[in-house]
Amino acid sequence: MAKKIMNRREMPLGSVIKDPGCSVQYETGGWRNLKPVHDAEKCTNCLMCWIYCPDSCIRVKDGKVVGIDLKYCKGCGICSEECPVKGKAITMIEDKK
Amino acid sequence: MPRIAALTGNNAASEAMRQINPDVVAAYPITPQTEAVEEFAEFVANGLVKTQYVPVESEHSSMSACIGASAAGSRTMTATSSAGFALMWEMLPIAAGLRTPVIMYVANRAFSAPLNIHCSHDDTMGGRDTGWIQIYSENAQEMYDNLIQAVRIGEDPSIRLPVMVSMDGFITTHSVERVDLLDDETVRKFVGEFKMANSLLDVDNPVTIGACALQDYYTEHKRQHSEALLNSTAKILEVAEEYARISGRKYGLFESYKLEDAEYGLVIINSAAGVAKMVVNELRAKDLKVGLLKPRIYRPFPGTQIKDALKHLKAIAVMDRVDAFGSGSTPTFTEIRSAMYGLPNQPLMINYVYGLGGRDIRLEDISKVFHKLVDVAKTGKVDKVFDYLTVRE
């Protein structure tokens with residue numbers, strides 16, 4: 001969430017947001033019920049999960065999946081659903097917070 | 001050079017649009033569109049304006065395109081009527097909420113069913129709470145003058161709101177009248193250049209427009225919008241003052257006709273006010289102290305000023321060309337009665353629906369209303385607050 005909450009006089013007209021990219025301040029990870037768990041052993045690094053993740057939460061380095069950004073992952077499960085590996089390289093488990 | 005021309009209301013609107021020379025006009029080109037847009041398309045084709053003309057596939061799209069163009073910093077105009085107005089409904093509060101000063105000409109026409117293409121105020125009265133500034137025009141001259149002023153009002157940095165300017169469908173849009181026109185240069189100077197703060201095309205200062213605001217911010221946005229609308233009155237009068245200097249025609253928030261010493265008053269909008277003024281003159285000749293108030297700026301509604309103009313009357317009739325179904329009154333009656341509430345000697349008030357679907361309002365109809373007011377004042381009793389005028393019961 002934004003650091004300081006503005007009153008109506010401080011806000012720009014027409015619900016304009018003047019600092020683009022400020023959605024990084026909104027950590028949507030709190031929405032999650034299920035958590036994706038990545039198994040590097042099974043993973044073929046086909047990057048289907050990276051393509052399909054609607055929140056760009058699949059972290060990739062040098063063409064390899066290196067983890068999942070849980071700060072923003074909403075737990076939708078698309079990555080696991082799309083994972084073509086038999087037995088799934090990403091599985092969804094209950095996210096106990 | 002200023003000119004005098006014989007124009008229909010539609011001609012007057014398209015002529016104003018030509019002189020304003022907007023950056024973008026996005027409009028649905030066929031029925032229920034008015035001739036004004038057809039004429040404007042010719043101006044574009046003939047190179048008389050620099051406007052980017054976008055003939056879209058529906059009014060929902062036309063308003064959407066207008067919002068985008070305006071957010072990008074373009075001076076944007078459109079036009080519609082009745083069912084077209086209804087189809088752009090979803091986008092109307094968005095234009096207002098995003099504070100995009102789109103200027104729209106509306107020919108007031110009835111909603112179906114039954115199918116009717118003639119005048120009622122269904123469209124704009126229905127849209128009165130969508131957050132736009134609303135201006136009503138009695139005749140072609142007022143439409144021309146109001147449309148030019150609307151640009152300055154809507155685009156003012158302290159207001160930044162869309163403005164709809166309307167006149168009566170067919171009755172005014174299709175009647176030829178004498179219209180005094182300003183010369184192009186004067187209009188261009190008057191409207192000036194539109195400079196949009198936080199425009200989408202200002203690449204050095206990128207902004208996000210149309211993001212979501214939930215429980216934490218939505219209320220503040222609405223409050224900000226409400227304040228801007230309510231506070232726009234002073235600026236509207238300032239623009240009117242400036243317009244009077246270039247045109248010799250002065251406009252207020254409403255027109256007050258022989259009200260100062262009147263005992264009985266009529267409140268009526270748009271073209272019917274012309275007929276009613278004639279009746280006022282006739283009855284005045286018979287020593288009946290009658291007067292008329294014709295609202296011009298409807299949003300923001302100048303309740304306090306209207307109250308001051310009407311408070312000395314014995315009885316008032318408010319007539320609307322629309323029924324607020326199920327309310328047992330009409331939109332303008334509700335506004336005015338609310339404004340009058342709390343006065344120590346509150347005038348007696350009655351309310352009529354008239355002229356639906358273009359039905360003629362005749363001199364004798366208005367005269368009957370004034371005589372009803374005399375009765376009401378004499379007896380001190382209102383037997384029926386809300387009624388239809390000229391209906392076969």
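Biologist: What is the strand order in the open sheet of six strands in chain B?

Modeller: The order is β9-β11-β10-β13-β14-β15, with mixed pairing. Strands here are DSSP runs of E, at least two residues long, and helices are runs of H or I, at least four, numbered from the N terminus. Two strands pair if DSSP finds at least two bridges between them. This is a predicted model: local features need pLDDT of at least 70, side-chain atom pairs count only at pLDDT 80 or more, and totals for chains, interfaces and linings use all residues. Residues are numbered from 1 along each chain as its sequence is written, while chains are lettered from A and ligands numbered from 1 in the order in which they are written.

Biologist: Which strands are the edges of that sheet?

Modeller: β9 (254-257) and β15 (386-388) of chain B. Each pairs on one side only.

Biologist: What packs on it, touching β9, β10 and β11?

Modeller: Helix α11 of chain B, residues 272-285. Its direction makes about 165 degrees with that of β11(B). Axes are lines fitted to C-alpha atoms, for helices over the stretch in contact, and angles run from 0 to 180 degrees between N-to-C directions. Contact means that C-beta atoms, placed from the backbone, lie within 7 Å. Helix α14 (363-379) of chain B also packs on the sheet, touching β10, β11, β13 and β14.

Biologist: How do β10 and β11 of chain B run?

Modeller: Parallel, joined by four bridges. G265(B) has G291(B) in β11(B) as its bridge partner.

Biologist: Now the open sheet of seven strands. What is its order?

Modeller: β3-β2-β4-β5-β7-β6-β12, in chain B, again with mixed pairing. The edge strands are β3 (52-55) and β12 (297-299). From one strand to the next, the twist averages 20 degrees.

Biologist: Which helix packs on that one, touching β5, β6 and β7?

Modeller: Helix α7 of chain B, residues 140-155. Its direction makes about 170 degrees with that of β7(B).

Biologist: How many residues of β5(B) are buried?

Modeller: Six of its six. Buried means that 20 or more other C-beta atoms lie within 10 Å of the residue's own; exposed means 12 or fewer, partly exposed is in between, and C-beta atoms are placed from the backbone.

Biologist: Which residues are on each side of β5(B)?

Modeller: I103(B), Y105(B) and A107(B) are on one side. M104(B), V106(B) and N108(B) are on the other. In a regular strand the side chains alternate between the two faces of the sheet.

Biologist: What does β5(B) pair with?

Modeller: β4(B) pairs with β5(B) in the parallel sense over five bridges, and A79(B) stands opposite Y105(B). Six bridges join β5(B) to β7(B), also parallel. There M104(B) has M164(B) as its bridge partner.

Biologist: Zooming out, how many helices and strands does chain B have?

Modeller: Chain B comes to 14 helices and 15 strands. Of its 393 residues, 50% count as buried.

Biologist: What is its radius of gyration?

Modeller: Chain B has 21 Å, which agrees with a compact globule of 393 residues, near 21 Å. The radius is taken over C-alpha atoms, and the globule rule is 2.2 Å times the number of residues to the power 0.38.

Methods: Contact = placed C-beta atoms within 7 Å.
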